[in-house]
Every structure is written in structure tokens, then in C-alpha cells.
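Walk through this model step by step.

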Amino acid sequence: MAAALALGAGCFRNTVSTIELDVPAMKSDACGRAVQDAVAKLGEGAIRDVRVDVAAHKAWVDYDNVRLGRRNIEVAVRHAGFAVNDLPADEEARAKLPPECRGDE
């Protein structure tokens with residue numbers, strides 16, 4: 001029995017990955033919270049951590065790569081109204097954001 005447990009422990013693989021998001025219109029704390037909220041909606045357990053740096057217009061998401069793909073995270077941010085990495089913002093959602101989060105200036 002102990003041998004089976006030892007062999008099983010060797011099969012563990014890390015399922016946590018980190019994605020860096022480039023979000024040019026994330027220019028205030030309110031924009032950062034909107035990005036964090038959009039990612040959090042993907043599900044507890046699938047999202048491990050979300051960190052934002054408003055000054056750098058970047059966010060980092062630690063996620064369970066068995067439950068989610070990188071693109072799922074990017075699409076969630078896109079549907080919140082932000083252009084992210086190579087995806088354009090969803091224009092309908094973008095129009096609902098505060099002016100400082102639209103990137104209009």
C-alpha cells in the first residue's frame with residue numbers, strides 16, 4: 001500500500017500557470033478592480049490570484065490550467081470592455097466603462 005502511495009505521489013503535476021495581461025486602458029484603481037472582477041467571475045478554484053499594476057497597465061493571473069485556458073482569461077477581460085494582449089475590447093462593454101477606463105484620451 002505504501003508503495004502505491006509513493007508511486008501516486010510521483011505523478012503529481014503542477015497545474016498552476018501564470019498569464020501576464022497587457023491592458024493599455026487600465027489607468028486607475030477602478031479600472032484595475034474591473035479587470036480583477038472580470039477574471040474572478042471565471043470561478044473560485046480556477047483562479048488562484050490576480051495582481052494588477054495600474055501604472056504599468058498590466059495584470060498577472062495565477063490559474064488552474066486544467067480548468068481554464070489562457071484564452072478564457074483574455075476573453076473575460078475583453079468582455080469586460082478592455083483590449084487585452086492581442087484582443088480588441090468588446091465595444092458594447094467598453095462603452096459602459098468609466099471614461100478613464102475606455103482609453104479615449
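Now look at which residues of helix 2 are buried. They are Cys31, Gly32, Val35, Ala38 and Val39. These residues cover an arc of only 125° around the axis, so they sit on the same side of helix 2. An α-helix has 3.6 residues a turn, so residues three or four places apart point the same way. What do the buried residues of helix 2 pack against? Their partners are strand 2 (47-53), strand 3, helix 3 and helix 5 (99-102).

Two of those partners deserve a visit. Strand 3 covers residues 58-64, and Asp64 belongs to it. Is Asp64 buried or exposed? Its relative accessible area is 8%, under the 20% cut-off, so Asp64 counts as buried. The side chain of Asp64 reaches the backbone nitrogen of Val66 at 2.8 Å. Leaving aside residues up to four places away in sequence, Asp64 touches Thr15, Gly45, Ala46 and Arg48.

Helix 3 spans residues 70-79 and holds Val75. Val75 has a relative accessible area of 30%. That value falls between the cut-offs of 20% and 50%, so Val75 is partly exposed. Along the chain, Val75 and Asp90 are 15 residues apart. Their C-alpha atoms are separated by 9.3 Å.

Step back to the whole chain. It has five helices and three strands. From the N terminus on, the elements run α-β-α-β-β-α-α-α. Of the 105 residues, 33% count as buried. Take the contacts in the chain with a separation of 6 or more: residues 24 or more positions apart account for 57% of them. The accessible surface comes to about 6,200 Å². Carbon and sulfur atoms contribute 54% of that surface.

How far does the confidence reach? The mean pLDDT of the chain is 89, and 86% of its residues reach 70 or more. Over residues 2-7, however, the pLDDT is below 50. Beyond near neighbours in sequence, this stretch has zero contacts in the model. Where pLDDT is low, the predicted coordinates should not be read in detail.

How values were computed: Residues are numbered from 1 along each chain as its sequence is written. This is a predicted model: local features need pLDDT of at least 70, side-chain atom pairs count only at pLDDT 80 or more; totals for chains, interfaces and linings use all residues. Side-chain values use heavy atoms; hydrogens and water are left out. Helices (H or I, at least four residues) and strands (E, at least two) are DSSP runs, numbered from the N terminus. Buried means under 20% relative accessible area, exposed over 50%, partly exposed in between (1.4 Å probe, protein chains only). A polar contact is a pair of N or O atoms within 3.5 Å; within protein, one must be able to donate a hydrogen and the other to accept it, and residues adjacent in sequence count only if both atoms are side-chain atoms. Contact means heavy atoms within 4.5 Å. The arc is that of the directions from the helix axis to the C-beta atoms. pLDDT is the predictor's confidence in each residue, from 0 to 100. Accessible areas come from the Shrake-Rupley method with a 1.4 Å probe; for residues, only the protein chains shown count as cover.
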